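Here's a quick tour of the structure shown below.

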Amino acid sequence: MPLIWNYYQHLSAKLPLPTGAQITNSMGVALPVANFIHKWDLALLARECILNSQGSSIMRWPDIHTSINFIRDIEDSSTRLYGFEQTVFRDLHPLLHSQFPWQHPPSSRSFHRYRRIFGNEAMDAIVERETGLPVSQQYKLGLAIAGHFLREYGMSTAQDYTRLGISKESSAAFYQRISVDIAPLRQQIKSLQSYDASWRYAFNPLQVTPLIRFDATHPERVICPIPDYLLRRVSESLFYDIAGAQDIGNAYGASFETYVGEVLHAIFSDNSYIIDAEREYYDGKNRKDGVDWRLSDASATIFIECKTKRLRHDAKFMTAPAALGEDLDNMAKYIVQHYNNIIDALDGKTHWIPDGKPIFPLIITLENWWIILPDTIAALKTRILARLTEAQINPKILDDLPCTIMSIAEFEISSQVMKQTGLLEYFRNKVSKYIDYDITGFQNHCFPDQVRAVDKRIFADDFSELMKLSPRSPQ
């Protein structure tokens, strides 16, 4: 396990490797580790070591190399023997969802985002009620722990955090939520394993409990083989601790909607933009909420809908054939509801006064759905058409008002590109030249200069405060 951490942090933060861990050619020349292993390989290796290790340790590069090659052989064999119907889509869809998140690791920007979302007044009350700690203390403690594991493999949980305003009882409860003994962890992994083509994609319980208590005689000693799991657990995955709360649904959605508004006001702060928040209206006797946000400049108007729904694990990795279809149907429902709201606005039923400027519908998701493969896009379009028919909406609306989907992480960047280009120029290029939903690829191709000019630290005050809390916080 220590060597897994060494390689992981070498890939993540360029930490030097210990003696004997360097990869060299026959001439003794050091070779780049990234040419041979990836972070997702190490996360899978950690899972399999926990499940199958009988006390032996991986101590050298040849051990890592042999183990990862063995894992890849298992994956190839299971795909051949038990594989899904052999299509490019069925191969690429789970691969995309297993690798892309590792290429977008936790950062100061993602910490700010989730700190604001969970720190919303209603959400903060739920977090404190369910966990015993308010969000501010959760993040102080989380950053202190995560900062340590960026530099060290193990630690003692018997630390004094009173200088952070956190009692020993509260910090102990915090550690209890994110730590696990090795034996029950092994059992959890075993219960979640599959031995078919989805073997690689079985859920890894380290995502929920990234700290491992490995010594029964010293339960305060923990290790963290995959630091990114910890960084996510103490930020975005704080949701694991409150997911069962009865009142979480509306509060979470409202907080995300508020955060999108904060981004809008931070980026489009001058008088050349108009930002309108959601306002209820009546269609006859039926009360409707309307769109979440509208953003206008002199050239166009964006109608924005915010959604916290994520793709389920089995939908991401095709472990249940119907799961992806069900989640895509949910997205189709959101898009058609959005079209309904826009139609009402154009018909003069809302507070917005139509002005003849081009309109562009936008769905902003909390998590990236990665709807970029042709088969996924086609499957979504089929479901949108079915729901449009059911709602008695002319399918021509898909051509007249093409809908764009992007994650909030993408929007934090793309909103700054939009400000430089103007709304019409941005979306006209998007919907005419890039019919898929690959926002990053579209922007890098069409607006490379504007992308280079963006500031990834939108909320400067948040960043300063975060740096005070943890001088070695993630960048």
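Predicted model: local features only at pLDDT ≥ 70, side-chain atom pairs only at ≥ 80, totals over all residues.

Of its 475 residues, 51% count as buried.

As for charge, there are 50 positive and 56 negative side chains, and the centres of these two sets sit 3 Å apart.

On to the overall build. The secondary structure comes to 20 helices and eleven strands. The radius of gyration is 24 Å, close to the 23 Å that the globule rule gives for 475 residues, so the protein is as compact as a globular protein of that length. If you want a box for it, the C-alpha atoms fill one of roughly 70 × 55 × 45 Å along the principal axes.

Now zoom in on helix α8, residues 168–178. Its buried residues are Ser170, Ser171, Phe174, Tyr175, Arg177 and Ile178. Why do they end up on the same side of α8? Because they cover an arc of only 160 degrees around the axis. The face turned away from that buried side carries Lys168, Glu169 and Gln176, which are exposed. And what do the buried residues of α8 pack against? There are helices and strands among the partners: α6 (121–131), α7 (135–149) and α10 (227–233), along with β1 (154–156), β2 (179–181) and β3 (211–213).

Two single residues are worth a look as well. Ser98 belongs to helix α4, which spans residues 88–99, while Gln443 is in helix α18, residues 439–446. Here is how they score on accessibility:

| Residue | Relative accessibility | Class |
|---|---|---|
| Ser98 | 13% | buried |
| Gln443 | 4% | buried |

Ser98 counts as buried because its 13% relative accessibility falls under the 20% cut-off. Leaving aside neighbours within four places in sequence, Ser98 is in contact with Trp40, Tyr201 and Phe317.

Which residues does Gln443 touch, with neighbours within four places in sequence left out? The list is Ile413, Ser414, Val417, Tyr426, Pro448 and Val451. There's also a C-alpha distance to note: Gln443 and Asn429 are 14 residues apart along the chain, and their C-alpha atoms are separated by 9.5 Å.

Notes:
Residues numbered from 1 in each chain as written. Heavy atoms only, no water. Buried < 20%, exposed > 50% of the residue type's maximum accessible area, 1.4 Å probe, protein only. Helix = DSSP H or I, 4+ residues; strand = E, 2+ residues; numbered from the N terminus. Arc of directions from axis to C-beta. Contact = heavy atoms within 4.5 Å. Rg over C-alpha atoms; globule rule 2.2 N^0.38 Å. Lys, Arg positive; Asp, Glu negative; His and termini not counted. Charge placed at Lys NZ, Arg CZ, Asp CG, Glu CD.
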